[in-house]
Amino acid sequence: MLIYIAGSGAMGCRFGAQLHEAGQEVILLDNWDDHINTIKENGLKISGDDERIVPMTIMKPQEANRVGDLIILFTKAMQLPAMLESIQGIMDSHTKVLCLLNGLGHEEVIKQYVPERSIIMGVTVWTAQLVGPGHVKLASTGSINIQSIDANEAEMGHKVAEILNEAKLNAIYDQDVIPSIWRKACVNGTMNSLCALLNCTIGQLFATEPGLQLVHEIIHEFVQVGQAEGVKLDEEAVTDYVMKTSVTAAHHYPSMHQDLVQNHRYTEIDFINGAVTRIGDKHDIETPRCDVITQLIHTKEKILIEPK
């Protein structure tokens, strides 16, 4: 099976490397020249729980010319339309597209470029850190939940889950993946945004009483808004999930911290806390914590990224 990883940052490299080592043909797609050149010349360097060099094929999206069997979307949310536009030539009627992006609302964007029967939506709690060009740090363990949007394509969804499991990625075919996507968005809406603002690890955030109080208040906003959208969410269960994730990822600087604080890149805040604000407005639900967090992240972007 020819698998493209569309967006080969930290998580894309993790999935690409594990699928490659499981015997799949994998091509990484990315637009970062230094990253591409380093992997071409030296292979992908992996550190953390294990130390190894993995030889990988990598290129820019517009350079790919073979139709893929599976495309896994790992690009940043704000870059999704441009990525989907650039890979139109490597998709045909049998190509499946699996979305594992952080945040909410990606399904509607993907449908503008990909037939609904070809879309698989998913969520993952695997973690990874991009140390530098061609170098990722992988630690801890994780899992994936996926579901074919078209119920008639469930068999293919199960096949994709099997392929992911052959790569030890702990995939589950879910009968209703939307609550899992919202639950992960809530993880990101607490850990990602707050760690980026406070410049701390997940463990440091959750070790403070004020931080924990804020986490609970954010969870409440996510659950209220999700329920108004018809998503089956139980606040106690979501809270328990967030707390357990905070333990397993305590050492980790989440991706928004990596993007904004470490690398001075724009974040996906508009698709996480910002999405809750937008959806809450639609249902006349107040979301003061998500509102302020979104404003603060955008303020920090302007301070760290935009020219003075």
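These legends describe views of one predicted model, from the whole chain down to single residues. Residues are numbered from 1 along each chain as its sequence is written, and side-chain values use heavy atoms, without hydrogens or water. Local features need pLDDT of at least 70 and side-chain atom pairs pLDDT 80 or more, while totals for chains, interfaces and linings use all residues.

**View 1**
Helices (H or I, at least four residues) and strands (E, at least two) are DSSP runs, numbered from the N terminus. The C-alpha atoms fill a box of roughly 50 × 45 × 35 Å along the principal axes. Of the 308 residues, 55% are buried. Buried means under 20% relative accessible area, exposed over 50%, and partly exposed in between (1.4 Å probe, protein chains only).

**View 2. The largest nonpolar core has 63 residues.**
A nonpolar core is a set of buried Ala, Val, Leu, Ile, Met, Phe, Trp, Tyr and Cys residues joined through side-chain atoms within 4.5 Å. Ile71, Leu73, Ile87, Ile110, Phe222 and Val242 touch the most other members. Helix H6 (residues 178–198) gives the most to this core, with 9 residues.

**View 3. Phe222 and its contacts.**
Contact means heavy atoms within 4.5 Å. Which residues does Phe222 touch, not counting those up to four places away in sequence? They are Trp182, Ala185, Cys186, Gly189, Leu233, Ile272, Asn273, Val276 and Cys290.

**View 4. Ile202 sits in helix H7 (residues 202–206).**
Is Ile202 buried or exposed? Ile202 has a relative accessible area of 3%, so it counts as buried. Beyond its neighbours within four places in sequence, Ile202 is in contact with Met191, Cys195, Ser246, Ala249, Ala250, His252 and Pro254. Met191 is 11 residues from Ile202 along the chain, and their C-alpha atoms are separated by 6.1 Å.

**View 5. Asn170 lies in a loop between helix H5 (154–166) and strand S12 (171–173).**
Phi of Asn170 is near 55°, a positive value in a residue other than glycine. Asn170 is partly exposed, because its relative accessible area is 35%.

**View 6. Asn199 lies in the loop between H6 and H7.**
What is the phi of Asn199? The angle is near 55°, positive in a residue other than glycine. At 46% relative accessibility, Asn199 is partly exposed.
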